[in-house]
Structures are given as C-alpha cells and as structure tokens.
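Subject: The model, and what turned up in it

Hi there,

Here is the structure for you to open alongside this message. Please have it on screen while you read the notes.

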Amino acid sequence: MQIGVRMGHIPASRRTVTMAIAVIAVITLSIAMLCGCGTARNTNQATDSGSGGNRLASSLQAYATQLLGQDSGMGPAQKATLRKAATSGKISLSDYKAAWSRYITCVQDKGYPRPTLKTYSNGIQQPQGDVLPSDKADDLDYIQKKAKDLNACGIATVDSVDALYMAQVGNPNLYASHEEGAVDCLKRAGLVPKSYTVEQYEKEANAMGHAAPGETVNTTYDMKKPEVLACLAANGNVFMDR
C-alpha cells in the first residue's frame, strides 16, 4: 500500500523529521487512515496554497544563491554543491546522490539503522518511515532525540541540495505554490489535459486526503504511473510504501 502525505515547501530535513515522527503513527497504525495524497502539512511552515504565480526565485542560479544565504548548520560539501549550482544553474544527479549518501552516513554515525530511501523516476529520493525497536515504541525521549538527530543530519548534508534538485526536475518555473508546481509538472509531462487547473488539483488532493481506508478516489491523473508520483514528489508529496 502506498501512503501519501502532502507537505509545504520544506527541505529534506523537515520532511525527514516528519517521517521520523510519523514512525509513531506507523506503530499505532493511525497512519493507515491516510490514503493517496493526504493533506498533512508541517505546522512550522506557512501554507503556500494560492500564491498566484509567485516564484521562489528568478532562476535556479538565484535559488541556489538564496539557499546558500539561508545557511544554518550546512556542511561544507553541501555548500560546495550549491556554489557549483549557483554558477552552472543545475545540480547533477551524481552530486544529488552524493548528498543523500552523506545523509545516510550521518544518520548511521549517530547510531541509527541505515535509512531506506525511495527513488522516483526523476531521481528524487525520499526517506521512508522506519519501524521503531519494540523497546523504544513508547519512549518519547528516544523518539524526540531521533527526530532532532535526523533533522541535524538533513540540515548539514542534504536539505538545500534536495530543495534545489526538486525544483530543477519538477518545478523549473520555481512556483512558490506546490499546487501550481505540481499542475505545471503534470501538464508539461502530458499527464493531465492542458485545461487542468490548480483548483481541480486541490479538489482531487483534498478528496484523497479524506478518503476512507481502501476507498478509491478518481483523479484526472493516474496515481499508478511513476511519472505522476515523480511530479507529485517534486512538489511537496511524501509517499511511503506500506
């Protein structure tokens, strides 16, 4: 079963922390109540719905420079990748994978199991929620420490590189609204009609988010297509295979 959670414009560590906290939900099975593309968002982020064409930056180079300016614990390797992107206007897949490799090493160095990453057809990678050890399932101190540690690893190694790469492959027009970015991506890939609107997308996403377990919601786009999942993953959706 594939579980989807919609997020705001948040970099890898924020999504990673959400996934870590979602471990609790996996253990209690409450996350099974979500289906398709849910509507859960990181509460620390302002909603970006309805931004009406606003952009994250004027170009990928400018976005890379902007992300560099937001440094708050970023490691030297991630900075170097962003500086390269600020000049070339792109992040190579190899540099992107290297950032995620550093994230995995960081997590393991802190004493946690190797994270499992889901890879989409456009190269985007997402950490999957893991299952807590049986003796830690009710240990809130451990869960909170793990979330904090994963957050720190994400900030240091992959946060900003991930944000830039997602824009590069799934939101090249740099829409500040994930909804606009997703619709643009689906249209460019020929996965929805040219007449498809943000309002339609929001309505369908909302319907999936409120669907009962096992309920099938008809959508304009085919959720079984890898290209659809890739577009949605590039624009604020986290999918877990369960």
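Below are my notes, starting with the ground rules and the overall layout and then going region by region.

This is a predicted model, in which local features need pLDDT of at least 70 and side-chain atom pairs count only at pLDDT 80 or more, while totals for chains, interfaces and linings use all residues. Residues are numbered from 1 along each chain as its sequence is written, and side-chain values use heavy atoms, with hydrogens and water left out.

**Overall layout**

The protein chain has 9 helices and 5 strands. Helices (H or I, at least four residues) and strands (E, at least two) are DSSP runs, numbered from the N terminus. Along the sequence, their order is β-α-β-α-α-α-β-β-α-α-α-α-α-β. Of the 242 residues in the protein chain, 50% are buried. Here buried means under 20% relative accessible area, exposed means over 50%, and partly exposed is in between (1.4 Å probe, protein chains only). Taking contacts between residues at least 6 apart in sequence, 75% join residues at least 24 apart; contact means heavy atoms within 4.5 Å.

**Helices H4 and H6**

Two packed helices are described by the angle between their axes and the distance between the axes. For helix H4 (residues 93-109) and helix H6 (residues 159-170), the axes come within 9 Å and cross at roughly 145°. The axes are lines fitted to C-alpha atoms, for helices over the stretch in contact, and angles run from 0 to 180 degrees between N-to-C directions. The crossing of H4 with H6 is left-handed, a term used if the near helix is turned anticlockwise from the far one by less than a right angle (right-handed if clockwise).

On the H4 side, the residues that meet H6 are Leu93, Tyr96, Ala99 and Trp100, and their partners in H6 are Val161, Asp162 and Tyr165. The residues of this contact divide into 6 nonpolar, no polar and 1 charged.

The Asp95 side chain makes a polar contact with the side chain of Lys84 (2.9 Å). A polar contact is a pair of N or O atoms within 3.5 Å; within protein, one must be able to donate a hydrogen and the other to accept it, and residues adjacent in sequence count only if both atoms are side-chain atoms. Leaving out residues up to four places away in sequence, Asp95 touches Thr81 and Lys84.

Arg114 counts as exposed because its relative accessibility is 57%. Beyond its neighbours within four places in sequence, Arg114 is in contact with Ile104 and Gln108. Gly111 sits in the loop between H4 and E3 and is exposed, with a relative accessible area of 60%. Gly111 and Asp149 are 38 residues apart in sequence, yet their C-alpha atoms are 9.9 Å apart.

**Helix H5**

Helix H5 (residues 140-157) has 18 residues and reaches 26 Å from first C-alpha to last, close to the 26 Å expected at 1.5 Å a residue; the expected span is 1.5 Å times one less than the number of residues. Asp139 caps the N-terminal end of H5, with a side-chain oxygen 3.2 Å from the backbone nitrogen of Asp141. The buried residues of H5 include Tyr142, Ile143, Asp149 and Leu150.

Leu174 lies in the loop between H6 and helix H7 (178-188). Most residues other than glycine have a negative phi, but Leu174 has a positive phi of about 60° although it is not a glycine. Leu174 is buried, with a relative accessible area of 2%.

Val217 lies in the loop between helix H8 (198-209) and helix H9 (226-233). Leaving aside neighbours within four places in sequence, Val217 is in contact with Ala207, Met208 and Ala211. H9 is largely enclosed by the rest of the structure, because 6 of its 8 residues are buried.

Conventions
Nonpolar A, V, L, I, M, F, W, Y, C, P; charged D, E, K, R; others polar.
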